[in-house]
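Look at the sequence and the structure below.

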Amino acid sequence: METTITYLRRGASAEALKIKNSWALWLSLLAPLSVVGMTFLVFFFRGDRILKPGTDPWFIWMTNNFMATSQLLIPLFLALVTALVNGIEHNSFGWKQLYAAPVPKWTVFLNKYLLLLGLTLVSFATFWAGVLAAGYVLGFLKPEFGFQHYYHVQSISVGIFRIFIGSLFILTLQFCISFRCKSIAVSIGSGILFVLAFLIASSWEYIGYYPYSWPYFAALASTTKQASFFVPQMGYSLAGSAVLLALGTWHSGRSIVS
Amino acid sequence: MKHLIQTQDLRYRYGSREILTGLHLNIPKGSIYGFLGPNGAGKTTTIRLLLGLLTPSGGSIDLFGKELVRNRVEVLRQIGALIEVPSLYRHLSGRDNLEVLRRLLGLDKKRVEAVLEIVRLQQDAHRPVKQYSLGMCQRLGIALALLSDPELLILDEPTNGLDPSGIREMRELLIDLNQKHGKTIFLSSHLLSEIEKTVTHLSILHEGTLAFEGSVQELRRVAAHTQTLEVEVDNALLAREVLLLQGFAVETLTENLIRVAVDCKPTAAHLNRLLVEQGLAVSGLVYGQRSLEEVFLSMTQEATIAADSTLSSTLTLA
């Protein structure tokens, strides 16, 4: 067990260095801030038309941010960041060197996955900080909206945690695609196609079983009063992600590099 | 332990195509072992098998006396490898490239500066790899292979794409690594001329099996025993008929010139006598000794006599 942890600790440290001077880290920071920034501008200039006087503005603020993030930003961000990180290895012909290193082969897959999980967490943490900070800045700049009169750190934290869990399967699937496919167009293109399919079929009665809808359903729970903490799509995402991760790790342990 | 790498009847099949058809390799400790073969002969496949990147269809691989399949991580700790083009992260500096591998393997930080010094890249270590020349990339690739201070280096075509000065630098570096740092080096190449001054032992791979294995001196002895004779006659067609009937291997070059494989000088005299007795006018006999490169080519090509034999000495004029 100790050896496994050592391999993963060393691997994560090596993987973290590889994204230095690359777009991956910047993307993780800028992508969530772009949604928060745009929503901020809309509220700043048109907030008086969106918000009803005397009501809690955080609810609408949170809904606007969560919907854009869960439907579009997260799936596209995950397609892009996984393609970028695995693209570094594809472009440098690095797989053969990694698989020829004196470490178990399965760590190659898991180390990279852990890095991407870390980048995703950074992105969600940035989103969390951005939503809260921008809300309070609006309260300061536009006191008439009333942001400063309410405290919603817990509900926003829970809401973002739900979206994170709902996104895990997309992360793992896009990771597997970009791990296998050298072409960055395939990795990103598949992500775009899956998102488009969700948008087109969003009114379909079984859309809740479609993985690219899971972050949306997870976000929806936060905008619905009396919703339970754990929605079914979060469970699907967790279970599907765990199965896919186990399969990927197993396959990586048997990999041949031709 | 006498041999660091030993393969027994190593086989590899890709689809229906047999890439390796029973390879027996023995790489002595302390040697610089050249693994020669034309493109597509199976050199890179062999190296990938030795590093556990591919699974053999048959046979066995022992590294450091241990079976690779059961001791992969343990034996790979003693091996540094450069497989075809070096795996370099072009957006990172040379030093950061080494740091990535150092972190992965949990090595001492001092190793980075030590290998930069060995490959003479300290001055450029801070620059992004995308600014490096091909020769610098190759040297950085070797630095990566040296990082864990391995006993055995496996280098796949390390001189590929280098200009003559880069090849000379690489040659000096490999000899230095072998003699001063005690590394055993297994390197592949498709050009004998690039490595014949570097290697102590070599093998020639042809169509998935070894056509030769031994020291460079042994290959030179093979070359010395393999001579050709260019014979100038008034009627090359008749001369060819006469010699073929006597069991010589003959190649017609022009209407007055033929090339014959001979093993010693008495044979040349016998051949001359035969032609004269048949009424042919022999106006020139010239020995051509085959270079190591030609011996290598003859072992890896279908033709028994290389086309560009170098003429070395005139024997007689009739």
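In chain A, 52% of the 258 residues are buried, where buried means under 20% relative accessible area, exposed means over 50% and partly exposed lies in between (1.4 Å probe, protein chains only). The model is a predicted one, in which local features need pLDDT of at least 70, side-chain atom pairs count only at pLDDT 80 or more, and totals for chains, interfaces and linings use all residues. Residues are numbered from 1 along each chain as its sequence is written, chains are lettered from A and ligands numbered from 1 in the order in which they are written, and side-chain values use heavy atoms, with hydrogens and water left out.

Chain A contains nine helices and zero strands; helices (H or I, at least four residues) and strands (E, at least two) are DSSP runs, numbered from the N terminus. The radius of gyration of chain A, taken over C-alpha atoms, is 20 Å. Along the principal axes, its C-alpha atoms fill a box of roughly 65 × 40 × 35 Å. Of the contacts in chain A with a separation of 6 or more, 80% join residues 24 or more positions apart; a contact means heavy atoms within 4.5 Å. Chain A exposes about 11,900 Å², and carbon and sulfur atoms supply 70% of that area, computed by the Shrake-Rupley method with a 1.4 Å probe.

Chain B has an open sheet of four strands in the order β2-β1-β4-β5, with antiparallel pairing. Two strands pair if DSSP finds at least two bridges between them. The edge strands of chain B, each pairing on one side only, are β2 (17-28) and β5 (66-67). Helix α1 (residues 43-50) of chain B packs on this sheet and touches β1, β2 and β4 (58-63) of chain B. The direction of this helix makes about 65° with that of β2(B); axes are lines fitted to C-alpha atoms, for helices over the stretch in contact, and angles run from 0 to 180 degrees between N-to-C directions. Strand β1 (residues 3-14) of chain B pairs with β2(B) over nine bridges in the antiparallel sense. Within these strands, T7(B) stands opposite L25(B) in β2(B).

How many disulfides does the structure hold over all chains? There are zero, a disulfide being a pair of cysteine sulfur atoms within 2.5 Å. For C181(A), the nearest cysteine sulfur is that of C176(A), 11 Å away. C181(A) counts as partly exposed because its relative accessibility is 26%, while C137(B), at 9%, counts as buried.

Technical notes: The radius of gyration is taken over C-alpha atoms; the globule rule is 2.2 Å times the number of residues to the power 0.38.
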